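Okay, thanks for making time, everyone. I've got one structure to walk you through, so let me put it up on the screen.

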Amino acid sequence: MPIEETDVVVVGAGQAGVAMSEHLGAHGIPHIVVERDRIAERWRTARWDSLVANGPAWHDRFPGMEFPDVAHDAFAPKEKVADYFVAYAEKIGAPVRCGVEVTSVRRHDGHPGFRVETSQGDIDARYVVAATGPFQRPVFPPIVPDGAVPVQIHSNAYHKPEQLPEGAVLVVGAGSSGVQIADELRRSGRQVFLSVGPHDRPPRQYRGRDFCWWLGVLGLWDAQTPPQGAEHVTIAVSGARGGHTVDFRALAATGIELVGMTASYADGVLHFAPDLAANIAAGDAQYLELLRAADEYVARNGLDLPVEPEAHLLGADPSCVTDPRLELDLAEAGVTSIVWATGYATDYSWLDVDTFDEKGRPIQRRGISSEPGVYFLGLPWQSRRGSSFIWGVWHDARYVADHIATQRGYLVNGGIDRPGAGSAARQG
Ligand SMILES: Cc1cc2nc3c(=O)[nH]c(=O)nc-3n(C[C@H](O)[C@H](O)[C@H](O)COP(=O)(O)OP(=O)(O)OC[C@H]3O[C@@H](n4cnc5c(N)ncnc54)[C@H](O)[C@@H]3O)c2cc1C
């Protein structure tokens, strides 16, 4: 059976795959984007129902198109984010094949390029871009055994309060997902415990500008390495209800009981680390530091932005912080559900090439892997802090496309046959 040929196979049609297609198209490089579900599927089905984008519409988008029906400063509901990428793919004529799963990618033996096996036949490609996203596999620590509470789910399976059985809920993780889910559950009338680890919590707005703007002008989105060498810094922000600063004191005032990091479980009792106050204090320090840097920016540039002294007032710590609970008897507290908002891991089980370290992490620099011809896109901190976010991945995709174009130029100028240039289809 003849094998289809192209220059580049892009795996995944989330925002990363769509951005990649735009830049490859701009170079005139033949490619196919293979998506096992629908374009931007994760925004539709792997997020909770009420989610809106964490950044305003002017920021959380690609340069080439505005949101058609979301106000400049508003936060796009998740379905509109997905619709945006579908419309974007259409606008650029991205050659996306939906409902096709890549099951394996292997380097050819004795000739260049890769054999890409899919659920709908094989493709030979000179280059492969893994654009399957930073959040492929939900992970949570194996702390609470199955059956200890009626329901344990990851945040990617949480959709709305009514899906959980009656009773109290423990939400583990205080990034954007954890705080927003805990807030929604509390507003629905649930008793909620929120397990708070280390986090950043920038102000939603300061001196009339959104935090996305501040991170931009202060160069923090472009930071190339995580602060203090941390691999991932959870940013607790929310666009919900028009957008607001995540304030753990305010969450506690609504009745949410804050606890420290979830540490262990024994005989029906959960144990929390005695780190709650320290985690809150570190988040406060980072928050205040951003205000300080913003004030400095305003002064240095002589900007006329309204002062906001009240933003510097944090208020007293609630009793759950000053006198934290270190144990929770799940049955006694009526906890029937645990929502683990504890993040994701990558899954490149389909990518059978030698470019992973001993922990399974891609060996790459700005998306260019140690295996010539294989590229990654959408990784956290791939080139900068913004890399796994909507606006950032677009810039990384351009860099990767430029690299492919350069490499391809050598092959073309060297007269080396390549897929997609009219060569006869190989026989499989
Ligand atoms: C809860 C949550 C909220 C977020 N909110 C924001 C926000 O407001 N603003 C922002 O900028 N970022 C946000 N992000 C971060 C980021 O923008 C999203 O995670 C985004 O979905 C990442 O896009 P991606 O294209 O890199 O990956 P994904 O959206 O995960 O897309 C990867 C695609 O690859 C496909 N795929 C995987 N394996 C295969 C295979 N073997 N064969 C074929 N297809 C495959 C998947 O089906 C998927 O469609 C958020 C993330 C989360 C988890």
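Predicted model: local features only at pLDDT ≥ 70, side-chain atom pairs only at ≥ 80, totals over all residues.

If you want a box for it, the C-alpha atoms fill roughly 75 × 60 × 40 Å along the principal axes.

Of the 428 residues, 50% count as buried. The accessible surface of the protein is about 18,800 Å², and carbon and sulfur atoms own 51% of that. On contacts: take those with a separation of 6 or more, and 70% of them join residues 24 or more positions apart.

Now, domains. Which residues go into which domain? Domain 1 is written in two pieces, 2-136 and 346-427, while domain 2 is 139-340. Over C-alpha atoms, the centres of domain 1 and domain 2 are separated by 31 Å. Domain 1 puts 23 residues into the contact, and domain 2 puts in 33.

Let me zoom in on a few residues. Start with Glu35, which you'll find in strand β2, residues 31-35. Is Glu35 buried or exposed? It counts as buried, because its relative accessibility is 9% and the cut-off for buried is under 20%. Who's around it? Leaving out neighbours within four places in sequence, Glu35 is in contact with Gly12, Ala13 and Gly14, and also with Val96, Arg97, Cys98, Gly99 and Val100. Ala57, on the other hand, is 22 residues from Glu35 in sequence and 25 Å from it in space, C-alpha to C-alpha.

Next up, Leu326, in the loop between α8 (319-322) and β16 (327-329). Leu326 has a relative accessible area of 41%, so it is partly exposed. Which residues does Leu326 touch, not counting those up to four places away in sequence? That would be Leu270, His271, Phe272, Ala273 and Pro274. Take Leu270 from that list: Leu326 and Leu270 are 56 residues apart in sequence, yet their C-alpha atoms are 8.2 Å apart in space.

Arg366 isn't a glycine, but it has a positive phi of about 50°. You'll see Arg366 in the loop between β19 (364-365) and β20 (368-369), and at 31% relative accessibility it counts as partly exposed. Then there's Trp381, again a residue other than glycine with a positive phi, near 60°. Where is Trp381 found? In the loop between β21 (374-376) and α9 (390-413). Trp381 is buried, though, with a relative accessible area of 14%.

Note on methods: Residues numbered from 1 in each chain as written. Heavy atoms only, no water. Buried < 20%, exposed > 50% of the residue type's maximum accessible area, 1.4 Å probe, protein only. Contact = heavy atoms within 4.5 Å. Areas by Shrake-Rupley, 256 points an atom, 1.4 Å probe, with all protein chains shown as cover. Domains from an automatic or database assignment. Helix = DSSP H or I, 4+ residues; strand = E, 2+ residues; numbered from the N terminus.
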